[in-house]
Amino acid sequence: MVIEINVKDVKVYYKSIKALDGVSLSVHNGEILSIIGPNGAGKSTLLKVINGVLKPRMGVVFINEKPLEKIPRKEIAQKTGVVPQRIRLMGMLSVYDFVMTGRRPYINFTPSKIDEEKVYEALKIVDAIDFVDRTLEELSGGELQRVIIARALAGEPEVMLLDEPTSNLDLKYQLEILNLIKSLRSKGLAIIMAIHDLTQAYRVSDKVLLLNKGKVFAAGEPDDVLNPKTIFDVYGVPIIVIKDYKLITTLEV
Amino acid sequence: MRNYKRQKQLILTTLIFLTFFIIPISVGLGWYKIPFFDIIRVIFMPDNSVLSTIVWDLRLRRVLAAIFIGAVLGGSGAAMQASMRNYLASPFTFGLPFAASLGVAISLLILHGGEIQRFRILVHNPFIVPIFAFIFCLIQVFIILLLAHKAGLSAGALILSSIAISFAYQAILYLLQYFYLNEILVSTVIFWTFGDLGRIAWIELNLVVIVSIAIVIPYFILRSLDYDLILSGDELTKSTGVSPQRIRLETTIVAALATSLATSFVGVIGFIGLVAPHIARLVFGGGHRYLIPASMILGSLILTLSDTIGRVIIAPVTIPVGIMSSLIGVPLLIYLLIKGGMHGYRD
C-alpha cells in the first residue's frame with residue numbers, strides 16, 4: 001500500500017477573506033503530518049480541501065499523482081478516513097450503527113457480513129468493542145473519540161484526516177489517542193492532523209506544517225519548525241523547547 | 001451484545017405478525033360482528049353473500065388503508081426527523097396536510113370536484129382532488145426547500161416557519177369558507193379535514209398501495225444507513241461521499257408524495273408521522289435499520305387500532321380516525337417519554 005498526498009498551491013476564499021493562500025504539502029504512507037497554527041489559521045479548511053469536501057479556488061490536491069477532481073467522490077471517501085473536531089450527538093444512535101456509517105463508501109444497498117466484520121475489526125483496533133451496543137450519548141469524551149476514529153477506520157482508509165483529535169480529552173485519553181494514531185502510522189497509513197498542542201505535535205509528528213493566516217509560515221521536520229523564534233513570530237508567545245524531553249512550554253503564566 | 005440485536009429483531013417480527021393478525025380482527029369488529037374464520041374464508045374466497053359484501057366493501061378496504069397510510073406516514077416522519085436532524089420534523093409539522101387541505105378545498109369548492117351526499121362525500125373525478133392536494137403539497141415543499149437552501153434556515157427555523165405557514169393555509173381555508181357560505185360546501189371541507197379511512201375507494205387504495213410498495217417504503221428503507229450518517233452532521237456525511245442536500249431533497253419529496261396521497265384520499269390524519277417514529281425510537285433505539293421499519297409498522301398498528309376503536313366504541317356511529325389516532329397516540333407517546341427517560345428526551 002503506497003499512498004501519497006500532494007497539495008499544490010491551494011487557495012481558498014470565504015467570500016473575500018483568504019482562508020488558505022498558496023498552501024502546499026506532501027505526505028506519504030507511514031508518516032504523520034501535523035498542521036499547527038493559531039485559531040483561524042486555516043487548519044480545518046486545509047483538511048476539508050484534502051478530503052475534497054471543499055473545492056479550492058485555485059491549486060490542486062493529488063492523491064497518488066491523480067488530481068482529486070478526477071477521482072470519483074466514492075473513491076475519495078474509500079481512501080480517506082475523516083475524524084472531525086466534533087460530531088452532532090442526536091437520535092440515540094448505537095456505536096455499532098455509527099461505526100457502520102463509515103462503511104458507506106462500500107455499501108450500495110444494505111450492509112453485508114463483510115461490512116459487519118470490518119465494523120468489529122475497527123472497534124477492536126480502538127479497543128471499543130465493549131460498548132458496541134451503547135448509544136453515542138452514553139459515551140465519555142475519550143470513548144466517543146475512539147469510536148469516531150473507529151468509524152473512520154471501518155472504511156479501510158489509506159489516509160487519516162484528524163481535526164484536533166486530542167482536544168477536550170483528559171491527559172490519559174490524550175495519550176491513548178496519540179498512541180493509537182502512532183500505531184496507525186506503523187500500520188502504513190498516511191496521517192494528517194490538525195493539532196493545537198505543540199508538545200504533542202513535536203512528539204508524534206514526522207513533519208510539521210505551521211500555518212498563519214492561511215499561509216505556510218514554516219514546514220519541515222519538527223525540530224526545524226518548532227523553535228522559539230518561529231513560534232513567537234506566529235503566536236506572539238515566548239516559549240522554551242526542552243529537546244531532551246521533547247517538551248514545549250510557555251515562559252509566562 | 002448479539003442478544004440486543006436479536007431482541008430488536010424479535011420485537012420487530014412480532015409487530016409484523018401482529019399487523020397481519022390485526023387485519024381479520026379489525027375486519028371482524030364493528031356494528032355487525034363477523035366470526036374470525038368466516039372473515040378468513042371470505043377474504044380468500046369472496047362470494048355474493050352479505051358477509052362478503054361487508055368484508056370487502058366496508059371493512060377490509062379501510063383496514064388496508066390504515067395499514068398502508070399508517071406505514072407511509074410513520075416512515076415519512078422517521079425519515080424527515082433524520083434528514084432534517086430535528087425531532088419535531090414530520091409531514092405534519094412541515095405543514096403538508098394543511099397545504100393538502102387547502103388544495104382539496106379549492107378543488108372541491110371552486111372546481112366542483114365533489115359534493116356531499118347523505119353523510120359521505122361524492123368525488124366526481126377521483127383524480128382532481130388528489131392532484132390538487134398533491135400540487136399544494138408540492139407548493140409547500142417548494143417553500144420549505146426555498147427557505148432551507150436559498151434563505152439558509154436551520155431545521156428548527158424551518159419547522160417554526162412551516163407551522164406559521166400552516167396557520168396561513170388555515171386562514172385561507174377559512175377565508176374560502178367565509179365567502180362560499182353554502183353550508184353544504186363548508187361542511188364538506190370540515191368533514192374532509194376530519195380524516196376518515198372509510199371514504200377511500202378501491203381505486204384510490206390501489207394507488208396508495210402501489211406508490212407505497214414501489215416508491216415510499218423501499219426508498220426509506222434503502223436510505224436507512226444514510227439517515228444514520230446524516231445524524232452526525234453534514235460535514236461527516238459529505239466526507240463519506242454522500243450529499244446531505246440530496247438526501248434532504250429526496251426525502252422531503254418522497255414524504256410529500258406519501259403524505260399528499262394519504263391526505264387527499266382520507267383527510268388530515270393526526271400525529272401519526274410525528275408519534276410513530278418517536279415511539280419506535282424509544283423501543284428500538286436510533287439506528288434506522290430498525291427505526292424505519294418499526295416506525296412504519298407502529299404507524300400501521302396505531303392507525304388500525306385507532307380506526308377499529310373509533311368504529312366500535314360508540315357503534316353504530318364511527319369516530320373519524322384522525323380524531324382517534326391523536327387521542328390514542330399522544331398519551332402513548334407522553335407515557336413513553338416519561339417512562340423511557342432516554343437521552344435526547346430528558347435533561
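Where is Lys15(A) found in chain A? Lys15(A) sits in the loop between β1 (4–14) and β2 (17–28) of chain A. This is a predicted model, in which local features need pLDDT of at least 70, side-chain atom pairs count only at pLDDT 80 or more, and totals for chains, interfaces and linings use all residues. Residues are numbered from 1 along each chain as its sequence is written, chains are lettered from A and ligands numbered from 1 in the order in which they are written, and side-chain values use heavy atoms, with hydrogens and water left out.

**Two lysines in chain A**

- Lys15(A) isn't a glycine, yet its phi is positive at about 55°.
- With 80% relative accessibility, Lys15(A) counts as exposed (over 50% relative accessible area; buried is under 20%, partly exposed in between, with a 1.4 Å probe and protein chains only).
- Lys213(A) also has a positive phi, near 50°, and is a residue other than glycine.
- Its place is the loop between β9 (207–212) and β10 (215–220) of chain A, and at 68% relative accessibility Lys213(A) counts as exposed.
- As background, most residues other than glycine have a negative phi.

**Chain B overall**

- Chain B has 14 helices and 2 strands (DSSP runs numbered from the N terminus: H or I of at least four residues for helices, E of at least two for strands).
- Of its 347 residues, 56% count as buried.
- Take the contacts (heavy atoms within 4.5 Å) between chain B residues at least 6 apart in sequence: 73% of them join residues at least 24 apart.
- The accessible surface of chain B is about 15,100 Å², with 72% of that belonging to carbon and sulfur atoms (Shrake-Rupley method, 1.4 Å probe).

**Helices α12 and α13 of chain B**

- α12(B) (residues 272–284) packs against α13(B) (residues 288–312) at an angle of about 125°, their axes 8 Å apart (axes are lines fitted to C-alpha atoms over the stretch in contact, and angles run from 0 to 180 degrees between N-to-C directions).
- Residues making the contact include Ile272(B), Val275(B) and Phe284(B) from α12(B), and Tyr290(B), Leu291(B) and Leu303(B) from α13(B).

**Tyr4 of chain B**

- Tyr4(B) belongs to helix α1 (residues 2–28) of chain B, and at 36% relative accessibility Tyr4(B) counts as partly exposed.
- Val55(B) lies 51 residues from Tyr4(B) along the chain, and their C-alpha atoms are separated by 40 Å.
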